[in-house]
Amino acid sequence: MRNFLSLNDLEKHEINSLVEQSLAFKNKEVALPNLSNVTIANLFFEASTRTNASFYQAQLKTNMNILNIDMSNLSTQKGETLIDTVEVFKAIEVDGLVIRHNKEFYYEDLVNHFFMGFINAGDGKNEHPSQALLDLVTIKENFDNLEGLKVMIVGDLKHSRVARSNVELLKRFGMEVYLASPSSYKDDSFEDGMYVNIDDMIDKVDVLMLLRVQNERHENLNKEENYLEKFGLTKKRYDLLKDNAIVMHPGPYNRNVEIDESVIHLDKSKIWEQVTNGLYARIAILNYVFNKED
Ligand code: CP
């Protein structure tokens, strides 16, 4: 049994293998794994539609035993700590947990205390490794050769675990990564030289990755006025993209903020492919963590 906490923990060949496996599962080239000997629970302490539902669907499709958890009635509401909560699941012979939590690196204590399969479904503003994997699957599905692709990540970088997971990953696979955002959403952890003006690069990039404006994490920030015109994907910017460029957004999107609703379903938009790829990437992740034969 393994953990899946950050793609930085995996060798490049392991990530490559997860990408290839995700696509093979999607294209019905290989059978889905049978993980009927594994019992799992999904603990989402932060809201989620895509990640939660696609992990659940991936677990159903691989015949896992899934504990149904009502998060609003979990005893963390009564003050029980995360580590004590996990000990309960360990004691009732649950093999693995998919956890989303608002605390960065919440998993560090857990992996030191318990031998279980832990899957990080997002830790605060730090990482979202299953999203980064499905994003890489989506890029690979659209471009044979990843080396030298130009990727521009645009938006709320300061609060984005998606950006933090993707920047390192895409660079490891030889892509040129550029960032664009309002000054209030810039993040100092990224190199200064990566920041560009969105309109200087829009006609040069192969991949445009939009980020959600995370209003719920904006404690002391003023709202960015006219965000769509300044940093969003308007129809005008969409038309400037190269013919074979792709548009990505992890979702959920704020309509007419990061993206004009008229371009959401146009050809270059791969937003719905991303959601489908999320299912198959998560099957590959479950297989990586729990399949003894792998
Ligand atoms: N992309 C993503 O994590 O979406 P959810 O918050 O809906 O899971």
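**The ligand and its pocket**

In this structure, an N or O atom in the side chain of Arg100 lies 3.0 Å from an oxygen atom of the ligand, a polar contact (a pair of N or O atoms within 3.5 Å). The structure is a predicted model, in which local features need pLDDT of at least 70 and side-chain atom pairs count only at pLDDT 80 or more, while totals for chains, interfaces and linings use all residues. Residues are numbered from 1 along each chain as its sequence is written, and side-chain values use heavy atoms, with hydrogens and water left out.

Two further side chains reach ligand oxygen atoms through an N or O atom: Thr51 at 2.6 Å and His128 at 2.8 Å. The protein covers 91% of the 250 Å² of accessible area that the ligand has on its own (Shrake-Rupley method, 1.4 Å probe).

Which residues are around the ligand? They are Ala47, Ser48, Thr49, Arg50, Thr51, Arg100, His128, Gln131, Pro250 and Gly251, each with a heavy atom within 4 Å of the ligand. By class, this shell has 2 nonpolar, 6 polar and 2 charged residues; Ala, Val, Leu, Ile, Met, Phe, Trp, Tyr, Cys and Pro count as nonpolar, Asp, Glu, Lys and Arg as charged, and the others, Gly among them, as polar.

The ligand takes up the space of the largest pocket, with more than half of its atoms within 2 Å of the pocket's grid points. A pocket is an open set of points on a 1 Å grid over the protein atoms alone, where a 1.4 Å probe fits, with protein on both sides within 12 Å along at least five of seven lines; lining residues have an atom within 4 Å of a point. The volume of this pocket, the space filled by probe spheres set on the points, is about 360 Å³. Among its 20 lining residues, Arg100, Arg161, Arg212, Gly251 and Pro252 are the closest to the centre.

Conventions:
A polar contact is a pair of N or O atoms within 3.5 Å; within protein, one must be able to donate a hydrogen and the other to accept it, and residues adjacent in sequence count only if both atoms are side-chain atoms.
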